[in-house]
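Open your viewer and get your selection tool ready. We will go from stop to stop, with a word on what to select at each one.

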Amino acid sequence: MAAQAEDFASLRNTPAWLLVFFNNLFCGCAGFSIVLPTLWPYLRQMHSNTFFLAFVVAAYSVGEGLGGLVVGRLYTRHLAHPKALLLGNMVIGFGAALVFSLAPLFGDRYGPIVVLVCRFLSGFDNGGRQTIEQTFVGQFVPKQHLTTVGSRLGSCAVTGIMLGPAFGAPLQAIRFTVPGLGLFIDGNNAPGLVLCVACLINIFITAKYFNPHASGHVPSHHADLTSDTTTPINLGPKPLPLGVFTCYAAFFAVNLFMASVETITPVVCQRLLGWGPCEDSSTCAYEPSQTYVNVLMTTGGLMSLLMSLIMAFWLGAKVFGSEELVICVSLLVYVASNLMNMDWFGTLPAWRFVASYLLSTFLGGMMRGPSVALLSQIVGDHPQGPYMGTLFAVGALPRIVGPLIFVQLLDWPAPLSDADFPNVYDGPLPRTWLLYGSQVVIFAAILPLLLATRGPIRAHLAQAREHSSPGAVPNALRTPLLDHQDVVVVV
């Protein structure tokens, strides 16, 4: 059993199925962020508007939340088929990415609608895939390693999101027409083709290397099945509702931060700093400033990668038992970074915006892993699929409403002057105090909740440890063989 525990503590001996999950999260999130910076220019190329952009961005999160809820419950009913569910989601994602790249063929009237539907399906793929993978981790990783493994998974996701633009930056120089189709490939729809490649990589790696029925998946803190199939199964105390709500609130916060970083950062850079792609890439010469947003997000990805290494090889093992405090530190970072982004005296210098971004991507990256790991501990040996599905649905909420509200919060304050950035933006110079100040209020409000619930959560986890039975097999880990036996479940 000790050797098995070392599998999760050592990166060199990481199980193959977990390496598959690392790859899937990185490729999926990198593909997502490759598309994101050029989503608005892509829609604008088809004569859409920022109002519709908000719905397109939100559609991804709607699909992500729905995917988490639907697939989480499907997985609970079909525990023996995680691979089939994963591959099914990935095929949906691949088809969505391919059609996304072909949207201009549908014309200015239907092209934006095609983009909307494709983003929804891509979100469904991501939400369902992450729910299956996180539930699988919660079932087969020992509790003392959940934070480390969860942090590594979270870091793969965040690093993929941040580093994706690095792959997208060179695409801004692409300009050619596909013979026979009349499809013009440029920096706006080429990222969709890269997303197709990322989906294919995930499908191939999962199909070839993910074997959920391989031996050695039962974690060290669970005993083997016995011949006595009527032995009561002690699942421990029911999940603490207050603790579950706290984890949901924390996950909401980290996704609100990510929604702000992903969706509004390119808009702020464009309107406030003049950074971003040309309005019409077919008539605009390439300039280095077109890649500044990609460079900024790539640098943030490197900062996140540094934090992931710290969490994976040092801090992750020390976080076990103090997840709430780590979450509080990240919340304080979110508060500080948003305060830095407020234009207190009518201006927001580029250096301060960049410094805030790098600070939040570095220290803010600690929060996601401990949040998911804490929820997994609170749920314990009860079926985790529905809880994880709901967690990702809650995390999708700020990504649904965020894009709809962020742009309005940026536009509502009366501008002090106009901006004129050739080929990039020409219009009112936005104020940022309402956009980022509102986020300060939300993050600051969650802090007291974390501090107030730490005592009850720790008491619940201690009670769960006391009720653990060496001979019990948790309901979440039932195999198809066990499902055909008569089992008395004690809750």
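A residue is called buried here when its relative accessible area is under 20%, and exposed when that area is over 50%. Keep in mind along the way that this is a predicted model.

**Stop 1: helix α12.** Select residues 350–363, the 14 residues of α12. From first C-alpha to last, the helix reaches 20 Å, close to the 20 Å expected at 1.5 Å a residue. Now colour its buried residues: Arg-352, Phe-353, Ser-356, Tyr-357, Ser-360, Thr-361 and Phe-362. As a reminder, an α-helix has 3.6 residues a turn, so residues three or four places apart point the same way.

**Stop 2: the partner of α12.** How do the axes of α11 and α12 cross? They come within 9 Å and cross at roughly 170°, which makes α11 roughly antiparallel to α12. To see the contact, show Ser-330, Val-333, Ser-337 and Met-340 on the α11 side. Facing them from α12 are Arg-352, Ala-355, Ser-356, Leu-359, Ser-360 and Leu-363.

Stop 3: The structure holds 12 aromatic pairs. For one of them, select Phe-257 and Tyr-334: their ring centres are 4.4 Å apart and their planes are at 15°, so the pair is stacked.

**Stop 4: an aromatic cluster.** Select Trp-17, Phe-21, Phe-136, Phe-140 and Phe-210, which ring pairs link into a cluster.

Stop 5: Go to Arg-119 in helix α6 (residues 107–140). Is Arg-119 buried or exposed? Its relative accessibility is 3%, so Arg-119 counts as buried. Arg-119 lies over the face of Phe-100, at 6.0 Å from the ring centre. Leaving aside neighbours within four places in sequence, the residues in contact with Arg-119 are Phe-32, Val-35, Val-56, Ala-59, Tyr-60, Phe-100 and Leu-195. For another charge over a ring, select Lys-208, which lies over the face of Tyr-209 at 5.7 Å from the ring centre.

**Stop 6: a loop residue.** Finish at His-47, in the loop between α3 (39–45) and α4 (50–77). Check its backbone: phi is near 60°, a positive value in a residue other than glycine. With a relative accessible area of 66%, His-47 is exposed.

Key
Residues are numbered from 1 along each chain as its sequence is written. This is a predicted model: local features need pLDDT of at least 70, side-chain atom pairs count only at pLDDT 80 or more; totals for chains, interfaces and linings use all residues. Side-chain values use heavy atoms; hydrogens and water are left out. Helices (H or I, at least four residues) and strands (E, at least two) are DSSP runs, numbered from the N terminus. The expected span of a helix is 1.5 Å times one less than its number of residues. Buried means under 20% relative accessible area, exposed over 50%, partly exposed in between (1.4 Å probe, protein chains only). Rings of Phe, Tyr and Trp (its six-membered ring) pair if their centres lie within 6.5 Å; planes under 30 degrees apart count as stacked, over 60 as edge-to-face and the rest as tilted. A charge sits over a ring if NZ of Lys or CZ of Arg is within 6 Å of the ring centre and within 35 degrees of the ring normal. Axes are lines fitted to C-alpha atoms, for helices over the stretch in contact, and angles run from 0 to 180 degrees between N-to-C directions. Angles under 35 degrees count as roughly parallel, over 145 as roughly antiparallel, 65 to 115 as roughly perpendicular and the rest as oblique. Contact means heavy atoms within 4.5 Å.
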